[in-house]
2 protein chains.
Amino acid sequence: MTLAVAGLGTVGAGTVKLLHENRALIAARAGADVAVGAVSARDASKNRGVDLSNFQWFDDPVEMATQADADIFVELIGGSGGAAKAAVLAALGAGKHVVTANKALIAHHGAALAERAEAAGLVLAYEAAVAGGIPIIKVMREGLAANRFDRVYGILNGTCNYILTAMRETGGEFADILAEAQALGYAEADPSFDIDGVDAAHKLAILAALAFGSAVRFEDLHIEGIRDISALDIKSVDELGYRIKLLGIANRQEGRAELRVHPCLVDKSAPIAAVEGVTNAVVAEGNFVGSVICEGPGAGAGPTASAVVSDVIDIARGIKLPTFATPVSSMPVLETSPMDGHRGCHYIRLTVHDQPGVIADVAAALRDEGISVESMLQRGRGTEADGAVPVILTTHETTEAALNRALSRISAMSTTLGPPCVLRIESL
Amino acid sequence: MTLAVAGLGTVGAGTVKLLHENRALIAARAGADVAVGAVSARDASKNRGVDLSNFQWFDDPVEMATQADADIFVELIGGSGGAAKAAVLAALGAGKHVVTANKALIAHHGAALAERAEAAGLVLAYEAAVAGGIPIIKVMREGLAANRFDRVYGILNGTCNYILTAMRETGGEFADILAEAQALGYAEADPSFDIDGVDAAHKLAILAALAFGSAVRFEDLHIEGIRDISALDIKSVDELGYRIKLLGIANRQEGRAELRVHPCLVDKSAPIAAVEGVTNAVVAEGNFVGSVICEGPGAGAGPTASAVVSDVIDIARGIKLPTFATPVSSMPVLETSPMDGHRGCHYIRLTVHDQPGVIADVAAALRDEGISVESMLQRGRGTEADGAVPVILTTHETTEAALNRALSRISAMSTTLGPPCVLRIESL
């Protein structure tokens, strides 16, 4: 079984290393020797800490996809379009199976690529695209295949979880912790892909397609990040018995799904609340199995290479399944519900002028929308120069539409300073 | 794809129910209709809450294994020998794939049965035998197949974990909590199989065979249960920063493995320390992926049926892998290390007469074996009628041989009352 590996960054080099170090046991498990035959990257001269001298070199991954003598094309270039997509299409066109770690590609073009693969009788595998080393694709597609899934959710971005964990442990503000994470290599120089929830959304789109056996339109996802969370929020939710986690959640009721990525308040006693730092975790809820949670490293060379090569071993073993568990030709498009109709409890932080009547006005705005307040807490007493004080509220269950109307009215009050911070409280 | 289901207890009835309720989605995922054709149990007249009227009935599972018109024989009888073993052998002899939930059977006869299956080109699947609904067999055999495993461990018995959790939460003694667990249906009338560690050992033997690609002799496992743990131990380890968990641990160094089931002190911050109640959890450590933990329901009709039917779907999908990931014909027997050579830190609870010099004698016995004491605490001061007081010690790393020599000497002292309680402190 010969591989052509496109992209020799951290994951590509890790994959080459793994295949070399574990070669004997992989051969025993796969029932065939598995070896790299060709590689491609931008710069042939760069030292990547692995010996590439025995591999055929290609400057162009598309050329490698068509011309290399290989059974499997391993796409580790990244990005939702461009060279990655062109190379994967070329590989499938040339009769090669494809293994990819590219979440953006599968989230945006998974159904179209799966159609090509399935029509050609080829495998398109993407275990490494979701939750790094955790084999959650295999768990859901095969290990829990007997179940109808009604909900799947998880911590799908290690950078965000690291930042939220560090904010809680140190009491620091978001911007400072982000800067530290960047210095430590846990966050990119341009962090928006991670901290604005897009990376987690790519993974959630893939999990939802698999869980519901449906094609997901990426634009149907509701996506929020963690930029607006303050040290005060972290402290306040802790006192209320919660932790803040950026979750990706896919749930389905009566044929319609909610697909949403946003920071959530989760009860401290929920298993997912204990998942800290860069660790990822996914909870799959099946109608017979109940709740199964898988935790592990969500990124990094070793874990991602583990997932890539496990896909390769599957192919060598002759495991050939539809990309999203059921044939893509019979997958309907997933119908989603608008967030306006989402029902839940909420945490709200307002900044208001510390003067008589303000709380009464806020309470009235909520009451008029039928929103019942569970707790309200004014923190401090006009300690800031301008007399501004934060007010922390939690509500009982309401729709987002009602909440948004109430918040518009509250924001328009002359006593309200700046936009409110609103976080959903998730029952897990 | 037609099934013959032997055994219609909780799991058997759950499996019939699952196949009925999820029939359409299973057909879509399996690429074939999957249905029960025949069943067998002791009593045909018993009401099991599922409709059996369309199935052929057999009184004898062996007869069903040979005569029923079925592709897959599902063994849910239980027990390491007897009817279960005879029926599985008959089914393999008759060219039927076998799916079983029987941990005792696979732990004791897995290699021999795998030989039969592999020689006949049949599948012998046993996902339900380990950790109930958690698809840990698939995770290790396929999802993490790229890795060398150096250690795998877990909470493999829900009854023990329930008892230990309840002891901590209520402060109650073992015997009282066990009686409550029996009343609630979490423990059997004869609980020894669970609380003495045998059930967990069956599961560990299977995980070890899979992790190390070796045949495991069940008698090579070191097995201890949780009967000797007192409320005082639970309280003391809590103060020391630990939780007590019954773990099954398989680790390998320099070609030799330790296979052991016993109560362990684990640091409160370890993910497995947070796994409470009847939940099971398995941690697999791979040389590239690092640590992956899977948690979920370890028993019960729904979770176990989920695992059984996922195995069935694998067979329907044409997934045919060696029973223990590598062909059984090439599996060496696993060489294990004696526990005498095991190195670790320990927790020791002694009961001694409260009189001068006792602590000095205990300390001297440990010193003479080169065992260094990390902490020592005398609890209370002769409050019991006979002047007996508990002394709690923790040691730095030592071998079991040295510790046992020191404990023999301590036990022989006239000031020592009753046997010591010794618990291993596990670094996870």
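**Notes on the interface and on one helix**

1. Between chain B and chain A, 24 residue pairs are in polar contact, counting pairs with both residues at pLDDT 80 or more. The model is a predicted one, and the remarks below should be read accordingly.

2. On the side of chain B that touches chain A, at least two residues each come from α1 (10-21), α2 (23-30), α6 (136-143), β12 (290-297) and α12 (301-316) of chain B. By residue class, this side of chain B comprises 24 nonpolar, twelve polar and ten charged residues.

3. Two salt bridges are found across the interface of chain B and chain A. A salt bridge joins the side chains of B:Glu142 and A:Lys138, with an N to O distance of 2.7 Å.

4. In terms of extent, 46 residues of chain B contact 46 residues of chain A. The two chains, B and A, bury about 3,800 Å² between them, and 59% of this lies on carbon and sulfur atoms.

5. Helix α5 of chain B (residues 103-119) has a kink of about 80°, centred on B:His109. At the start of α5(B), a side-chain oxygen of B:Asn102 lies within 3.3 Å of the backbone nitrogen of B:Ala104. Just after α5(B), B:Gly121 adopts a positive phi of about 70°.

6. Buried residues of α5(B) include B:Ala104, B:Leu105, B:Ile106, B:Ala107, B:Gly110 and B:Leu113. Among the elements of chain B that cover the buried residues of α5(B) are β4 (72-75), α4 (82-93), β5 (97-100), β6 (124-125) and α10 (198-212).

Conventions: Residues are numbered from 1 along each chain as its sequence is written. Chains are lettered from A and ligands numbered from 1 in the order in which they are written. Side-chain values use heavy atoms; hydrogens and water are left out. The bend at a residue is the angle between axes fitted to the seven residues ending there and the seven starting there. Helices (H or I, at least four residues) and strands (E, at least two) are DSSP runs, numbered from the N terminus. Buried means under 20% relative accessible area, exposed over 50%, partly exposed in between (1.4 Å probe, protein chains only). Contact means heavy atoms within 4.5 Å. A polar contact is a pair of N or O atoms within 3.5 Å; within protein, one must be able to donate a hydrogen and the other to accept it, and residues adjacent in sequence count only if both atoms are side-chain atoms. Buried area is the accessible area (1.4 Å probe) that two parts lose on being put together, summed over both. A salt bridge is a side-chain nitrogen of Lys or Arg within 4 Å of a carboxyl oxygen of Asp or Glu. Ala, Val, Leu, Ile, Met, Phe, Trp, Tyr, Cys and Pro count as nonpolar, Asp, Glu, Lys and Arg as charged, and the others, Gly among them, as polar.
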